[in-house]
Amino acid sequence: MEKIKAVSYGVGNIGRDIARFMVDKGVIITGAIDVKNVGKDLGDVIGIGRKLNVEISDKADEVLSRTAADIALIAVATSMEKIYPHVKRCLEAGLNVITTSEEASYPWTSSPAIAAKLDRIAKENGGTVTGSGMQDVFWANLITTLTGAAHRIESIEGRTSINMDELGPMVAEFYAVGKKADDIYKMIEKNEKLPLGDEVVCLRMDLENQISDLGLTAKTITESVKPIILDHDLPSKAFNKDIPAGDVTGLDNTIVIDTVEGILFKATQTAKVYEKGEQDINEWIIKGEPTIHMRNDNPPTLLGTSSQIVNRIPDVINARPGYVTIDELPKLVCKIRSLEHYLNT
């Protein structure tokens, strides 16, 4: 049985763990792409104590042209607009794709044109593309699984909190960390696109995955964004400096989706640099008969993103060609054995 071959596309905070987990699960990494640590051996960068004889390169097209692989794991950006050229070149090179982009988990209403283009390119090249990560289990599939214990549902409401310092400067900038409060307020007043893009609030995609998985139809979507501001300086590990008092330390994003069937979906995501003693939270209430309450304190946001993506590798390779969202994939479980054992024969 042949081993799965993969390209590590993005070797930052999350990409390093993705690569490490792939090695642990028997995946052969045949190429590594990043703008940092160029020329270094991937094994040294991800800290596994041995070389992989894979040199990190910033020439993506060159790596893909000479690298035989089954799949690319892309961890470079959050919005569909930014990941599009990276996903496109991997699909055109004949690879399947999993991306950490939160929007990519369900882009059909937020970026339908880009999703349709990638769907066409994937089908033309016989590949599959999806978005996965922490949201796969904790913000989508776990919630819909719990609804199996309900006789009737009135609403599904959730809240999550994630630490920007753990996810690095690229993600922190996406959530306006370090921006001037007045600038953000002016953008909100003018209904301008914030740094993250008000159409790309991550929990929106998770609610849409839930709605699709339950066979419901979204009717209206309302989004609101509120900057988080402190009256004192806050140390930031992501930027290796203090965020001055009065500047933005993160964003509160609230999504409300009404469905044709009358069930309300609502979620608030707090994405910020934490103060001492704060921790990640994942909490959901399924209101109905009976009401079901689930809360995870300090869920594994960083490592959970990487582990869920790696566990998805066989599912994506096995899936039909095209753009496949996580509600269409099998229930995600830990792949205990080397990943090639989970491929359809």
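Asn240 is exposed, with a relative accessible area of 71%; exposed here means over 50% relative accessible area, buried means under 20%, and partly exposed is whatever falls in between, using a 1.4 Å probe and protein chains only. Its phi sits near 55°, a positive value in a residue other than glycine. Asn240 belongs to the loop between β9 (234–236) and β10 (241–243); strands are DSSP runs of E with at least two residues, helices are runs of H or I with at least four residues, and both are numbered from the N terminus. This is a predicted model, in which local features need pLDDT of at least 70 and side-chain atom pairs count only at pLDDT 80 or more, while totals for chains, interfaces and linings use all residues. Residues are numbered from 1 along each chain as its sequence is written, and side-chain values use heavy atoms, with hydrogens and water left out.

Asn37 is another non-glycine residue with a positive phi, about 60°. The loop between β2 (28–33) and α2 (42–46) holds Asn37, which is partly exposed at a relative accessible area of 29%. Turning to the backbone at a proline, Glu289 and Pro290 are joined by a cis peptide bond with omega about -5°. Pro290 lies in the loop between β13 and β14.

Those two strands belong to an open sheet of 6 strands, ordered β8-β11-β12-β7-β13-β14 with mixed pairing; two strands pair if DSSP finds at least two bridges between them. At the edges are β8 (218–229) and β14 (292–297), each of which pairs on one side only. From one strand to the next, the twist averages 10°. Inside this sheet, strand β7 (residues 152–163) and strand β12 (residues 264–272) run parallel and are joined by 9 bridges. Glu157 stands opposite Lys266 in β12. Helix α6 packs on the sheet, where it touches β7, β12, β13 (281–289) and β14, and its direction makes about 30° with that of β13. Contact means heavy atoms within 4.5 Å; axes are lines fitted to C-alpha atoms, for helices over the stretch in contact, and angles run from 0 to 180 degrees between N-to-C directions.

Helix α10 (residues 202–213) also lies across strands of this sheet, namely β7, β8, β11 (248–259), β12 and β13, and runs at about 150° to β12. Of the 12 residues of α10, 10 are buried, so the helix is largely enclosed by the rest of the structure. The buried set is Cys202, Leu203, Arg204, Met205, Asp206, Leu207, Glu208, Asn209, Gln210 and Ile211. Their cover includes α6, β7, β8, β11, β12 and β13. The end C-alpha atoms of α10 are 17 Å apart, which agrees with the 16 Å that its 12 residues should span at 1.5 Å a residue; the expected span is 1.5 Å times one less than the number of residues. After α10 comes Gly215, whose phi is positive, near 75°.

As for helix-helix packing, helix α6 (residues 134–146) meets helix α11 (residues 301–311) at an angle of about 105°, with the axes 6 Å apart. That makes α6 roughly perpendicular to α11; angles of 65 to 115 degrees get that label, those under 35 count as roughly parallel, those over 145 as roughly antiparallel, and the rest as oblique. On the α6 side the contact involves Met134, Asp136, Val137 and Phe138, which meet Thr301, Gly304, Thr305 and Gln308 in α11. By class, the contact of α6 with α11 has 3 nonpolar, 4 polar and 1 charged residues. Ala, Val, Leu, Ile, Met, Phe, Trp, Tyr, Cys and Pro count as nonpolar, Asp, Glu, Lys and Arg as charged, and the others, Gly among them, as polar.

Helix α4 (residues 80–92) and helix α5 (residues 112–124) have axes that come within 10 Å and cross at roughly 5°. The two are therefore roughly parallel to each other. Their contact has 9 nonpolar, no polar and 4 charged residues. Among the α4 residues involved are Tyr84 and Leu91, and the α5 partners include Ile114 and Leu118.

A second open sheet has 7 strands in the order β3-β2-β1-β4-β5-β6-β15, with parallel pairing. Its edge strands are β3 (56–57) and β15 (322–323), each pairing on one side only. Strand β4 (residues 71–74) pairs with strand β5 (residues 96–99) in the parallel sense over 4 bridges, and Leu73 stands opposite Ile98 in β5.
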